[in-house]
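Q: Could you walk me through how to read backbone and ring features in a model?
A: Gladly; let's look at the structure together.

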Amino acid sequence: MSLAAIELVDVKKTIGKKEIIKGLSFSIPKGEVFGFIGPNGAGKTTTIRMIVGLMKLTDGDILIQGNSIKTNFKQAIREVGAIVENPEMYPFMTGLQNLKHYARMVPGVTNERIHEVVKLIGLEKAINEKVGRYSLGMRQRLGIAQALLHRPSILILDEPTNGLDPAGIREIRQHIRKLATDLNVAIIISSHLLSEIEQMCDRIGVIKNGKLIKIQNVGGETTDNLIHHIEVKPLDKATQLLRDHYQIEPIELDGNLSFRCEKEQVPSIIKSLVENNCAIYQVNVANGTLEDQFFELIGENIIE
């Protein structure tokens, strides 16, 4: 079994008397794009800060290429590249000058490597222009290039498509997928754009109140267990029947009942409702998007 690019082992963080992160454990292999999502205050930013060394762990450990950030921080952090939201660059310098400036801070980054990452993220035509003239999407790509200069095993992108137009979002998405495939880099993406997470990522981890409540493959939900919407009357009678006979807790949405059940249960549920004098007007299967699954898990409508 190959070594995980990053592994969180029962990671905890307490600030004052408040436990912010409550025992996070998961691992990400090289070449995977991992989406990290959750509502406001769930602990995403705190977790990322601990990974990059901006915040100390209270308990547990984070292993990067097998190196502990607690006992071997320098070796571990060499494997990490990160950008948070809009990368800060010197606008009066060209893209190339910015990269050369940052390269001086990291031993072993050659001019050849700089030109390699420029080509990788598709900035050859604009690299000699001043960054002040760059679009937001170009700045994001330059930020990714800077984060890749030292050949990290892990790339952490916090809101990489924030503020971009649809064309810019698509462009960044394509580059992220290419980086994971071509460079075999593990990429962690924190974003509030769930449709983008769904298109970019191989797996997603959902965090709520400092706990990891689910990890799943994107698109990995089976067609045998889907969300169903039933327009039925009377609602209270139908709700009680689902609870008593099927141990299903439906949610009332726009006058319909929504619930998740096995495909094989649907005929029996419809038959029972009809036999109990419930009028059924229509039955629909939800699209089952990541957004649907997210709100079902979180149970609230505010995301970060």
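A: Let's begin with Asn209, which counts as partly exposed because its relative accessibility is 49%. Here buried means under 20% relative accessible area, exposed over 50%, and partly exposed in between (1.4 Å probe, protein chains only). This is a predicted model, where local features need pLDDT of at least 70, side-chain atom pairs count only at pLDDT 80 or more, and totals for chains, interfaces and linings use all residues. Residues are numbered from 1 along each chain as its sequence is written, and side-chain values use heavy atoms, leaving out hydrogens and water.

Q: What is the phi of Asn209, and where is Asn209 found?
A: Most residues other than glycine have a negative phi, and most peptide bonds are trans. Asn209 has a positive phi near 50 degrees, and is found in the loop between β9 (203-208) and β10 (211-217). Helices (H or I, at least four residues) and strands (E, at least two) are DSSP runs, numbered from the N terminus.

Q: Which peptide bond is cis?
A: The bond from Lys233 to Pro234 is cis, with omega near -5 degrees. Pro234 sits in the loop between β11 (225-233) and α8 (235-246).

Q: How many aromatic pairs are there?
A: A pair of aromatic rings is described by the distance of the centres and the angle of the planes. Rings of Phe, Tyr and Trp (its six-membered ring) pair if their centres lie within 6.5 Å; planes under 30 degrees apart are stacked, over 60 edge-to-face, and the rest tilted. The count comes to three aromatic pairs. Phe26 and Phe34 are stacked, because their centres are 5.2 Å apart and their planes at 15 degrees.
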